[in-house]
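Thanks, everyone. Let's look at charged side chains today. Have the model up on your screens, please.

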Amino acid sequence: MQNAETILNIVRERGTQGLPLERVYRMLYNPELYLRAYARLYANEGAMTPGITSETVDGMATRKIERIINDLRYERYRWTPVRRIEIPKKNRKLRPLGLPTWSDKLLQEAIRSILEAYYEPRFSNHSHGFRAGRGCHTALCEIRENWIGTKWFIEGDIRGCFDNINHQRLLEILSEHIRDNRFLELIRHLLQAGYLERWCYGATLSGAPQGGVLSPLLSNIYLDKLDQFVEQELLPTYNQGRRRRKNQYYSALMLKARRCRDRGRIEEAQAVRRQARELPSQDTYDPIYRRIHYCRYADDFLLGFAGPKNEAEEIKMRIRAYLIETLKLELSQEKTLITHATDQAARFLGYEIVSQHANDKLDYRKRRSINGHIGLRLPLDVLQAHCAKYMRRSKPEQRPIMVADDDYTILNQYQ
């Protein structure tokens, strides 16, 4: 039997080449996959958290792996319903969280390693959530470095995304590239395993099992269809023109300033240049120039658009229609907004995203340096909430107990 690393390399190569994946179910007979899964899971805090049974990572042995493989071989493995609890969200609402048993976690991790090896090379570069080597920082860096000149932000939030994933549609998406009915049936049983809450059984008719090891990857596979729609339909349609045409008034003033300088009228040339600096160097209303950018993190996505607002509204409606018709999902009315990039700020991944504008910020060549560049700002409410921990009656609270501490100790505690 091949070792796990060889199997995953073969799977990864098929994903890179766009070839279908076959005999996936038989790969789960390999004990090394479960040893890799154990090495990844055993140190997690949740490894000692029981599901509906008392089984945890404590007492893990190779015979447990042998039992799982034997049950799979004879197709008698049954997923256990998860134990559901509710945890608070930032808006003080409660979010359901499922706690699987340890055996289910182990098998889910083995499945995840195979699916991730196959799908990771196929995922869009615009997707940053739940992926190795990517995260909030890579998403924000992409926006800051590549979205220059954005005029409108389209903030997207899918209402209850993880709770409303359509099981049948998810299996159809998986079956496009995975040619193994036994494996797909195993995934179907996982999705429909149900949950226990206060010892009452509840069926899972939709959604990925939150708290499960496999859920983030399944959600990414599902939402990759949205990434493909944006890349194949919206980006080619709304990316037009190589560059904006020049602003004639700006060009005329710069030409006048150059002539004044050549004739020795330096002060007049400087005054004309200051006048030109109040105008954009390019035509911001160029009818044949459009640019659209896209970034997604889990179920939150952001689009940047350079063009008229009515076309931004059109983009939003096309995305809404695609989600409803193809993925059976719905955009949140309260959180899906169209924001002016210069006058307002879009909220994404905890930051305020703005398009900066300041005619007096010049570089070493005396040219405006930040106009149109994206800026990341800390939201005021976040800053105030952080400061409130160190304030009393709207004033900084005294710390007399730290008077005897040296500067290094104080900085080390509060930095």
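Start with R273. It sits in helix α11, residues 266–276. This is a predicted model, so keep that in mind throughout.

Now the pairs. Side chains of opposite charge can pair when their charged atoms come close. How many salt bridges are there? The count is 22. I'll take three of them.

One is E5 with R36, N to O at 2.8 Å. This pair links distant parts of the chain, 31 residues apart. E5 is in helix α1, residues 4–17, and R36 is in helix α3, residues 31–41. Buried or exposed? E5 is partly exposed at 39% relative accessible area. R36 is partly exposed too, at 37%.

Next, E55 and K64. Their closest N and O atoms are 3.1 Å apart. Buried means under 20%. So E55, at 19%, counts as buried. K64 is buried as well, at 15%.

Then R290 and E311, with closest N and O atoms 2.9 Å apart. Again the pair links distant parts of the chain, 21 residues apart. E311 lies in helix α12, residues 309–327. R290 is buried, with a relative accessible area of 9%. E311 is buried at 18%.

Last item: a network. Salt bridges with shared partners join R40, E109, R112 and E116.

Notes: Residues are numbered from 1 along each chain as its sequence is written. This is a predicted model: local features need pLDDT of at least 70, side-chain atom pairs count only at pLDDT 80 or more; totals for chains, interfaces and linings use all residues. Side-chain values use heavy atoms; hydrogens and water are left out. Helices (H or I, at least four residues) and strands (E, at least two) are DSSP runs, numbered from the N terminus. A salt bridge is a side-chain nitrogen of Lys or Arg within 4 Å of a carboxyl oxygen of Asp or Glu. Buried means under 20% relative accessible area, exposed over 50%, partly exposed in between (1.4 Å probe, protein chains only).
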